[in-house]
Structures are given as C-alpha cells and as structure tokens.
Amino acid sequence: MNQQPEPKKILLQTTIPTTEDDWSIARFSSLAALLRDARDESGNTLYEVTARDRDPPGRPDPVLSTIDGSDFDELWLFAVDTGNGLTEEDCAAISRFRKNGGGLLVTRDHMDLGSSVCTLGGVGKAHYFHSKQPDPDVSRRKRDDPYTADIDWPNFHSGANGDFQEIEVVGEAHPVLANERSPMGSIHFLPSHPHEGDIGAPKGEDARVIVKGKSKATGVDFNIAVAFEPGKHGGAAIAESTFHHFADYNWDPQAGCPSFVSEKPGDGLLRVPQAMADTHCYALNIASWLSGALRTQQKTTRAAALAGAIPAD
C-alpha cells in the first residue's frame, strides 16, 4: 500500500503584531485558504498552513527567531512593517532556514514599508527602499505614482487595487509562471497596486528577474519578482515587489482594507476569470516550487523525455 505523502508545512507570517486596522495576517485569508485546499491528483492534502503575526516588536519573535530549528518547509514573509519588524535574531534564523534548504518568499511594498528585510541573507539584498538600500540604478530613485501624494519612491503604479495588470515574462518562463491552461503556456495577469516596491537580482547570487510590470502612470517597466535558484546559497526563494499580489483586498475589494488606504479600488480581477485564475496559479506554483515538488516533477518529465518515454519539447 502506497503511503500517503506528508503535506508540506508553510508558515504565512507578517512582521507586525496583530492589528485590526493594518495589514495583519487575517488580510491574507484567501491565500491561506487556497493553499489549504490544494490537493494532488490522488486527492491528498498538499500543504499544512500556519498563519500568524509576529509577537510585539523590540524582542526576537519566538517563531521567526527559531525557524531554522522548526519543521516548516516554507516561509512566506509579508513585510508590512515600517522598519522595525524583524530583529537581528529573527533575520539570522530566517537566513539559516534558507541556508538549510527551506523555501522562502519575501514580499514588501512601497517606499520603506518592509525595510526590516534588508539584512536577510541573499533575498534581503533584492529589496530596494527609499531610506535603506536604495536601487543601485539612480535613475529609478524617483516618484512614479503621482496620485497618492504622501507616498514617495519606490512607488510603481500598476493600477488600482482590485484590478489586474498584464505582466511581461522575462527570458525563459520560470516554473512559477507556468500555466498549462494558457495559450502562451504561462500566466499573463497579476493583481495591480497603485504603488509597488522595487526589487532587483543581487550580484553573487544565482538569481534573476523573472517577471516585469509596466507603470500605468509613466510607462516605465519595473521588476515584479526575482527568483533565487536552490543550490549552494540555500533553498529556493522569491523576492516580490508587493504583498498586494496576495492580499484579500486585491483579490476582492469587498474583503475590506485598513482605514488608511485612500485610493478607489477597481473590480477587474473579479470580472475577468482568467486574471483571477492566473493569480491563483501563480500562488500555487510558488508554493510547489519553494517546496521542491515542482522542480522534482520537471526533472522527472525531462528525464522521461530523454529516455524516449515521451516526445521531447
């Protein structure tokens, strides 16, 4: 009898304490449900999901500061703090977690939101902020979104919350962008946001930009995701330009948002089924790739093709 595979353990974690009027983990409930509901072809549960906010700042978080000794397979870190969301101990443990082979997604937002991630090994270097670790390309250190006056660069305007953007696949389509149901074989849409953050592929890492967006305000392009391949630096990782690609409010504005959000939302993601399907596909692909399952599946397919079991592409 075949033994049922153990589900991969995913931690969805913010960098702020539970705060009702902020981007606490409760505002990522649709993502958590999507991952919890995921099944393999035999109907087995793929992921066991833990969703939590950090303990009050000023001291190491009991989970993040010890995550390298945990049984989590993946950490999805939503950096929603203003700079104090991670302690040195937290960052060191997260860095060891990836070094030991753990999968890591780190996402933030505009300006300095989430800047506590800067000292994370490898992936932290991919995130550029206003006051800390600014984009090495000086020409990109300027305001893009002209509508929300109190938010400065980086603030790339890809559209309204609740709407979607057409994305540009960079180079060979990365596994996290694959979509067999798409005519192009990859996803074409992701949620939009009025002011996305800035990321890039750091030198000295096996990392590359895999997808770009285009500002609807200025027409300039900006990086949406950087993929870090697993290897000598550790497990697979993704650096993402904004946590709004995963937030309930962006998937469905009726879910509500913190009171400080002033921009009028759209409803394009709800009106266009393919845009929502691409968004879900992207999240599920990330979970699979970070866990190693998607990479194992691709290696098996390539090996079978080389052996003549199936026609090679």
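The model I am reading is predicted.

**Sheet order.** Next I traced the strands. I read an open sheet of eight, in the order β2-β1-β3-β4-β12-β11-β10-β7, and the pairing is mixed. Which strands sit at the edges? They are β2 (47–52) and β7 (168–169), each pairing on one side only. I noted the general rule: strands of a sheet pair through backbone hydrogen bonds, either parallel or antiparallel.

**The β10 end.** I then followed β10, residues 207–214. How many of its eight residues are buried? I found six, so the strand is mostly covered. On one pairing, β10 joins β7 in the antiparallel sense over two bridges. Glu168 has Lys212 of β10 as its bridge partner. β10 also pairs with β11, again antiparallel, over seven bridges. Ala207 stands opposite Phe228 of β11. I looked at the connection as well: β10 and β11 make a hairpin with six residues between them. In that turn, Gly219 has a positive phi of about 85 degrees.

**Helix α2.** I checked its length first. α2 covers residues 88–99, twelve in number.

Then I listed burial along the helix. Asp90, Cys91, Ala93, Ile94, Phe97 and Arg98 are buried. Why do they count as one side of α2? They cover an arc of only 165 degrees around the axis, which puts them on the same side. On the other side, Glu88 and Lys99 are exposed.

What do the buried residues pack against? I found β3 (74–78), β4, β11 (221–228) and β12 (237–240). Just after the helix, I stopped at Gly101, which takes a positive phi of about 110 degrees.

**Helix α5.** I compared directions next, with β3 as the reference. Helix α5, residues 273–291, lies across β1 (8–14), β2, β3, β4, β11 and β12. I read its direction as about 135 degrees to β3.

**His110.** His110 is in the loop between β4 (103–107) and β5 (127–128). Is His110 buried or exposed? Its relative accessible area is 14%, under the 20% cut-off, so I logged His110 as buried.

Which residues does His110 touch, leaving aside neighbours within four places in sequence? I wrote down Ile151, Pro154, His195 and Gly197. His195 comes up again among the polar contacts: the side chains of His110 and His195 are joined by one of 3.3 Å. The His110 side chain also makes a polar contact with the side chain of Asp109, at 3.0 Å.

I took one distance back to the sheet. Ile238 is 128 residues from His110 along the chain, and their C-alpha atoms are separated by 17 Å.

**Where I left it.** One is the set of buried residues on α2, including Ile94 and Phe97. The other is the pair of side-chain polar contacts from His110, to Asp109 and to His195.

Conventions:
Residues numbered from 1 in each chain as written. Predicted model: local features only at pLDDT ≥ 70, side-chain atom pairs only at ≥ 80, totals over all residues. Heavy atoms only, no water. Helix = DSSP H or I, 4+ residues; strand = E, 2+ residues; numbered from the N terminus. Buried < 20%, exposed > 50% of the residue type's maximum accessible area, 1.4 Å probe, protein only. Contact = heavy atoms within 4.5 Å. Polar contact = N/O pair within 3.5 Å; in protein donor to acceptor, adjacent residues only side chain to side chain. Expected span 1.5 Å × (residues − 1). Arc of directions from axis to C-beta. Pairing = 2+ DSSP bridges. Axes fitted to C-alpha atoms, helices over the stretch in contact; angles between N-to-C directions.
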